[in-house]
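Dear colleague,

Please find below the structure that I am handing over to you. My notes on it follow, grouped by region.

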Amino acid sequence: MKQLTIFFALLFAITCSAQHSNSKKLDSLLNWLDNHIHNSKDSTHISKNAHKAIALSNTTKNSDALAKSYSFLITYHKDYSKLDSAFIYLEKAKDIYTQQENNNALANVYLKHKELLMVKADYAQATKKTYEALELYEKTNNKKGIAQCYAAICDLKYYERSYAEGVEWCDKAIAILEQLDNAKVELAETYRFKAFDQLFSTSNLEEALESINTSIDLYKELNEYGIPMMASVNWRGNIYKYMERYDEAIADYQANYDNSTKLGLERYLIPSLANTGHVYYMQGRYEEALPYNLKAIELIKKTGRVRNLWENYMHVSNIYESLGEYESALHYHHLYAQTLEEFKDNVIFGLESEAQAKYETGQKNATIYFQDEKIAQQKRTQILYIILASLLAFILFGLFYNYRKRQKRNQELQILNKELDTKNKQNELLLREIHHRVKNNLEMVKSLISLQSAQLNDSATKEAMIASQNRVQSMGIIHQKLYQGENLGAIEMKDYFINLGDGILDSFNAENKVKIECAMENLELDVDTAVPIGLIVNELLTNAIKYAFPDDAKGIINISLKKNNDATLTLKVEDNGIGKVKNAPAKGSGFGSQLIQLLTLQLNGKMQEIIDKGTAVLFQFKLNTST
């Protein structure tokens, strides 16, 4: 009896020691993430450490740490990776804080949501999320949170063109933050927002320069030289630009360009390139300006950061006009007019009714501003047409009759193109809504299966229900990525496999037991190919987690998918588990194996199983190139 007591005491001590060790590791990871989230030489470390923190949070059953880990992934995907993934982790963090009824943390998530929406230029929804956060902070009388919301409203007022009102909101935030301890980060950001609005709300640009230098000095005190500091330095360059202190402006833009290149932040090259081009244009150095703005447009389209696209189209149109290349000027002027109209709709006409009363004045100011812009735009379009028509008339005087006929045909084509463009946008909106509804329906099916499985006692039946739940989830993730992504017809497979793997590990509570790695380049596939491949990978991951690592053994599962030069796809899923006995009967019901075979035939593929220190399954699929 005494020996048994000693044994249990030792077991308890070991368990407590392991738990304490995991908690220390978790605290260390969260501290590292907090210090490197905005300033990391290798952003991949942020993703890896955040996923490690998620695994340890689940092991230690620490929901607060789990939500913080999700928050770090939100920032990571916003700053370094894909926006649609940021939205996925935001929902996970929001669910935790909602269950905890933690109003302060939930309000902070709403402010993160606002930042994501602003990157997509969805200012109406961003404003709504800001006021939702403010309401929660006011309930708890959180002074710092209230000040952050005031600063966020100041930021939004800049895009409403309500500059003077924005300065007032920032002054209210500053008055609160200066009375608080440990609020320098928020204070630095607020001074930056204030400088945004001051640049256009006052003729005294020295006031805007003073505010932005205060922001920069605060970041220096905090030893912050990453993304927040770069945003302030960029805006100081803008102030110098309008003060006609061009050399100082170029120096700030170049410093940010060098820092963005060093940190591997491709999307933060955009403002440096665009503003450098604008400075050269203002100086009359048109040939030098053009490559900068064209490169900025290329990166904007590549990264999906579209809120300043219209402005860069405008600059390129102006540059071509100044160079005498009127056809190119007219082409980019049309692009400018189109994207400005879309930008205007996001700022003015998409407002939610319950939030509109809180910023109706700003809406009117923005409407007036864009009406003036539209009048100026129409006048400039007329001037460009007149210049271009005069040049063509001079060159093609002898073919005047044919020229008039071509003009008439061009006008008809423009009308037709506008009609087709309208129909395309309607179809895109409808397709996005269909994907959204399909995802919601699949989520409901998954929830119903989960509820049903909870009532079951038979382990085999319960495993079959979990497998069905994961299959539904694999299809649901695809439709979620389709309606949240920029391309409605294709799926980025590496990011999809990562999200699929996270979901399957979570369903089997295997985060601290099995690690899933994707050793592959980014690859987009159409939905008809992505769905069966996703189901195949789902079955193989499920089988590996269930059978390859018995008795709590740990291991790694590798997934790779690549497109070959001969119009084929190669898929490989391998693990370092116990391996499979050749010709042994399938474990379980065998339904998963039948499903893999049917899906392989559907994709005109072949499957090969390799058993050597684990199990590897290799597929070769023939792509359909007939379309």
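Leaving aside its neighbours within four places in sequence, which residues is S232 in contact with? They are R192, I212, S215, I216 and Y219. Please note that this is a predicted model.

S232 belongs to helix 11, which covers residues 227-242. Its relative accessibility is 0%, and S232 therefore counts as buried, the limit for that class being under 20%. One of its contacts, S215, is also a polar partner: the side chains of S232 and S215 make a polar contact at 2.9 Å.

K220

K220 is part of helix 10 (residues 205-221). With a relative accessible area of 44%, K220 is partly exposed. Not counting residues up to four places away in sequence, K220 touches Y225 and M229. A188 lies 32 residues from K220 along the chain, and the C-alpha atoms of the two are separated by 10.0 Å.

Nonpolar cores

The largest nonpolar core contains 108 residues. Within this core, the residues with the most contacts are Y70, I74, L116, L134, W235 and I239. Helix 7 (residues 143-160) supplies the largest share of the core, namely eleven residues. Another core, of 40 residues, lies apart from it; C518, M520, I545 and F549 are among its members.

For L134, the contacts can be listed individually. When neighbours within four places in sequence are left aside, L134 is in contact with I146, C149, Y150 and I153.

Surface patch

F200, Y242 and M282 make a nonpolar surface patch of about 260 Å². Of these residues, M282 lies in helix 13, which covers residues 269-282.

I498

Is I498 buried, partly exposed or exposed? I498 has a relative accessibility of 31% and so counts as partly exposed. I498 is located in helix 21 (residues 493-507). E517 is 19 residues away from I498 in sequence, and the C-alpha to C-alpha distance between them is 7.8 Å.

Yours sincerely

Conventions. Residues are numbered from 1 along each chain as its sequence is written. This is a predicted model: local features need pLDDT of at least 70, side-chain atom pairs count only at pLDDT 80 or more; totals for chains, interfaces and linings use all residues. Side-chain values use heavy atoms; hydrogens and water are left out. Helices (H or I, at least four residues) and strands (E, at least two) are DSSP runs, numbered from the N terminus. Buried means under 20% relative accessible area, exposed over 50%, partly exposed in between (1.4 Å probe, protein chains only). A nonpolar core is a set of buried Ala, Val, Leu, Ile, Met, Phe, Trp, Tyr and Cys residues joined through side-chain atoms within 4.5 Å. Contact means heavy atoms within 4.5 Å. A polar contact is a pair of N or O atoms within 3.5 Å; within protein, one must be able to donate a hydrogen and the other to accept it, and residues adjacent in sequence count only if both atoms are side-chain atoms. Patches are made of residues with over 30% relative accessible area and no salt bridge: like charges are joined within 9 Å, nonpolar side chains (Val, Leu, Ile, Met, Phe, Trp, Tyr) within 5 Å. Accessible areas come from the Shrake-Rupley method with a 1.4 Å probe; for residues, only the protein chains shown count as cover. A salt bridge is a side-chain nitrogen of Lys or Arg within 4 Å of a carboxyl oxygen of Asp or Glu.
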